[in-house]
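Reader: I have a model to look at. Please take me through how its parts are named and where they touch.

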Amino acid sequence: MTTRAIHLDNITYFYPNSKEPALDNITLYVDYGEFIVIAGPSGGGKSTLCRIIAGLIPHLYGGKLNGKVYIDGLDINAADIKSIIERVGIVLQNPENQIVNIVVEEELVFSLENLLYTRTEITARLEEVIEKLGLSHLRSRTTYGLSGGEAQRVVLGSVLAVKPKILLLDEPLAHLDPPAARNLLEFLNYLNKVEDKTIIVVEHRLSELLKYASRLVILNKRIICDGHPRRILSEFNDIDAIYGIEVPTSARLSKVLGFKQPILSIEEALDLMKTKNLTIKTGITNEDPRTHKVSNCEDKDVAISVQGLWHVYENGVEALKNINLDICKGEFVAIVGGNGSGKTTLIKHFNGLLKPTKGKVYVLGKNTSQYSVAELAKHVGMVFQNPLHYFFRDNVYDEIMFTAKSMNIRNAEEKVTEILERLGLLNLAYRSPYEISAGEQRRVAIASALVYNPAIIVLDEPTAGIDFKLKLELLDILVNIWKTGRTIVMTTHDMEFLAYAPVQKIIVLDRGRIIATGSPKTIFYEDLPENMAMFMPQLVRFVKSIGLDKNLKPLNIQEFIS
Amino acid sequence: MSSRRFFEVLGSSLVYESRESIFIKLSIVTKIVYIILTSITAFLSDKFLPLIILLSINIGLSMIDRAMPKKIVMMLKGLSLFIAMIFLFNVITTFLLGETDLIDVILHQVLATIRILAVVPPLLIFISSTTPLQIIQFISRLGVRYDRLYPFVIAYRFIPLIFQEMKNIYDAQRSRGVELEQGGIINKLKGSASVVVPMIVCSTIRARDLAEALMIRGFGYKEKRTFYRTLTFTRLDILFIFMVLITHVFVLVITRLSYINFL
C-alpha cells in the first residue's frame, strides 16, 4: 500500500448510545501536499470526520468505529497519542475553549512539554513559531484577554510547534471578520505551498477559500462528491440549495461572463478578462445617485436615536466614541465592522443592557437611561449570537411561552402557536430545544423575540457558524418580519449575506467610531475606506476593479445580471 | 457594593497580570521565601510599632511595582467587610467568654489585623506575578505528578470565561423580560433556573472541548513532562532576599527592644 497523508477505508461510525451512524461508509484518500476543503450541511458529519482523523475518535469518544484509518501510514486505532500528534495537528471550532494555559508563551509550548521534548528543542521551536505567526507582541500576554482572531493564532501556533505534516481546521472562519479570514487563508496557503503541509479545512464560508483548494469534498454523512472545486461547481447544479454550500460569487459570475469553467476568485476573473481582452458593456449610462440616498426620518418616525454616545468599560476600554445615528421606523439596518469594533456594545444600548457613559439613547422616544431592561424589552426584541444562552425549558413550546408570559401578553397560547406556525416550528413544538438542529435553534430564539410583537428586532451576528442554506432561510424570515412593518437592526461581518439582504442603511463601525453611514450601494461603492476593502462583497470588488462602478452598482449576481 | 461588583473588584486584584515588573522576573522560590519570612516576623512580633514598621516595609517593597498599591487597595476594599465582621465577632466572643479587659481585647484584635495586613503585600505580589504553571513546576519538583495539579490551572483559566458566559446568559434572559433582581425569594429561585440551566449546558460543551484540547496536546502522555522554563536564581533574587532579610531582622530587633505593652 502506498503511504498517503490520510487513508480512510469504509469508515462507518456510531457515537456511544446512538443507532444512527454519524458517518456512513466513507472512503477518502488524501495525498501529501493537498489542500482539501470539506463542506456540507450542518449535522452532516464534518466535525466527526475531523475527530476521526485527529484520533479523538475512538480514543476519547469511544463509540463504534468500523473501517480502517491510516494517517501518514499509521493505524490510528493502534497508535499512541504522541505518534498521532506528531502527524496531524487540529484546530477545533472554538479556539477560546482550547486554550489551557494562562500565558501565551506557556500555551505555545504546552504540547512540546507534555511530549517530553528537550528544553533546547522547545526554546528553538517556540522562537520559530513566534516568528512565523507574528506573535512576538503577544508572547507574554495573558490568554484571557485575547481577541477571537488572536486566540486562533495562538492555538494554531501551539499546533504548529509540534511540526505535524497534516493540519486540520474545523470551521476556522466562523467567527473571523473578512480581513482576519483573508490573513488566515493566506497563511494556510503559505504552509501548503512553501512548507508542503497537507491542509484540510472544514468550512461553510467558501467565497474566499476555494481559490486555495486543490479538492472539494461535500459530505452529508456520506461523500456526495469529491474532486477539484471547478469540476464540482460545474457538474453539480443547486449544491447551494441542496447541501447548503456557499457557491462563490466568482463562480456564478463565470456563467455570466461566458467562461466554460467556474472561476474561483475575483482576481482570477480579472486575469481571464485581461488575457481574453474581454470587456463588459452595460448600455447603462449612469445609475441615478439619488436612488442610493438614505432619507432622513422625521422626528415622529425615529425608532432609535443615538446622540453623542460614549461607552467606557470598567477596565478603561473606550468601546464607543461619540456615536450619533438615527434609525427610522420600519427600516432594515445593518451595523458592520471588524471584530472588536463595538457592534455588540452599541446594540446592547438599544434595550438598556448597557447604559451610556456619556450621551443619550432614545428608543421610540424613551431615554434608555431612565427605563429598565424589562420595560425596554417590550419594544426591542433582542436575538443574541448563541441560541443556547436562552434555552432552559423542556420543549420549544414552553420556551416561547416563557417569553410570552414574561412579557404579560394576552392570548399567550394563541400567539405562541401562531409564531411557531409562522417560523415553521410547529412540528418541533414538543421537542427539547437542545435536540433540534443549529438552524432550528436560531429560529426558536427569533420566535422567542417575536412572540410578544416588539416594534424593533435586533440581531447580533445572526449568520455566524451556520451553513448557506440556513442563511437563506434566515434571510427569508427576516424579510417577512420586516415586511410586517417592524424595524430590523442586525450586526454582521458576513458581507456576502448582506449583499442579498434588502438592507436600506449600513452603519460602518471601526474601533468604536462610525466611519460611514449610508445605503449599501453608497457604502460599498463610495464611502468604504480603502483599508476596509475586504469588507466589500466579492461582486462589488469585481465591478470596481473593471471600472464599471460609474455605470452600475450591483450588490449581488442577480442585480448584476438584471 | 453589589455582590457582582464585590467579586469583580476582588477578582481583578487576584489575577496574574502580564506586564513589565521586577516581581515577574523574581524566582517563585524568592517570592515564597518572602511570604514565609513575613509570616514568621509577623507571628513573632506582638507589638504595634514593629508590626506597623513591617507593614510599611512590605507596602514600600510592593511599591517597586507601580500597579501594586492599587491592587492592595482593591483587595482591602473587597475584604473590608469580612475583616470588620471577623474583628467584631472575635472581640465580642473573646470578651464574653474570657475575663479580660475590653480594651485589651480590642488592642489584641487590632494587632492580629495588622499582622494579617502585613502578609497581604507579599501574597498579592506572589499571586499577581506568578503563573499557575510556575506553581505547578515548583510543586512537581517536590514529587507531585503534574497532571494531578493541572485542574488548578484549568480552573484559573476558565473561571473568568465562565463568569463572562454567565453575564451573557444573564443579558440574554433579561432581554426576554426576566427580572432576576426583583420579587421574592421564590421568584428569584424560579428565575435563576433561566441562568443556571443554560450555564450548565454551555459549561458541558466547554468541558468537552477542553477534554479534546487536552488530548490533542498530549496531556498526560507520561507521568513527567518537561518545563521549558528553569527555576533559576538570579542576582536580583539574591538582592531581594537580602533586602527582605535585613528589614525583617530589623523588625524583630525592635520587637525585642520594645518593653512597653503593645508598643
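Author: Here are the domains and the contacts. This is a predicted model, in which local features need pLDDT of at least 70, side-chain atom pairs count only at pLDDT 80 or more, and totals for chains, interfaces and linings use all residues. Residues are numbered from 1 along each chain as its sequence is written, with chains lettered from A and ligands numbered from 1 in the order in which they are written.

Reader: What makes 45 residues of chain B count as in contact with chain A?

Author: Contact means that two C-beta atoms, placed from the backbone, lie within 7 Å. In chain B, 45 residues meet that cut-off with 52 residues of chain A.

Reader: Which helices of chain B each supply at least two residues of the side that touches chain A?

Author: Helix 7 (132–140), helix 8 (146–175) and helix 9 (185–215) of chain B do. A helix here is a DSSP run (H or I, at least four residues), numbered from the N terminus. Helix 9 of chain B gives the largest share, 14 residues.

Reader: How is the side of chain B that touches chain A divided by class?

Author: That side has 26 nonpolar, eight polar and 11 charged residues. Ala, Val, Leu, Ile, Met, Phe, Trp, Tyr, Cys and Pro count as nonpolar, Asp, Glu, Lys and Arg as charged, the others, Gly among them, as polar.

Reader: Why is 302–533 of chain A called domain 3?

Author: Domain bounds come from an automatic or database domain assignment. For chain A, that assignment gives domain 1 (4–246), domain 2 (248–294 + 534–561) and domain 3 (302–533), so 302–533 carries that name.

Reader: How many residues does the contact take from domain 2 and domain 3 of chain A?

Author: It takes 17 from domain 2 of chain A and 18 from domain 3 of chain A.
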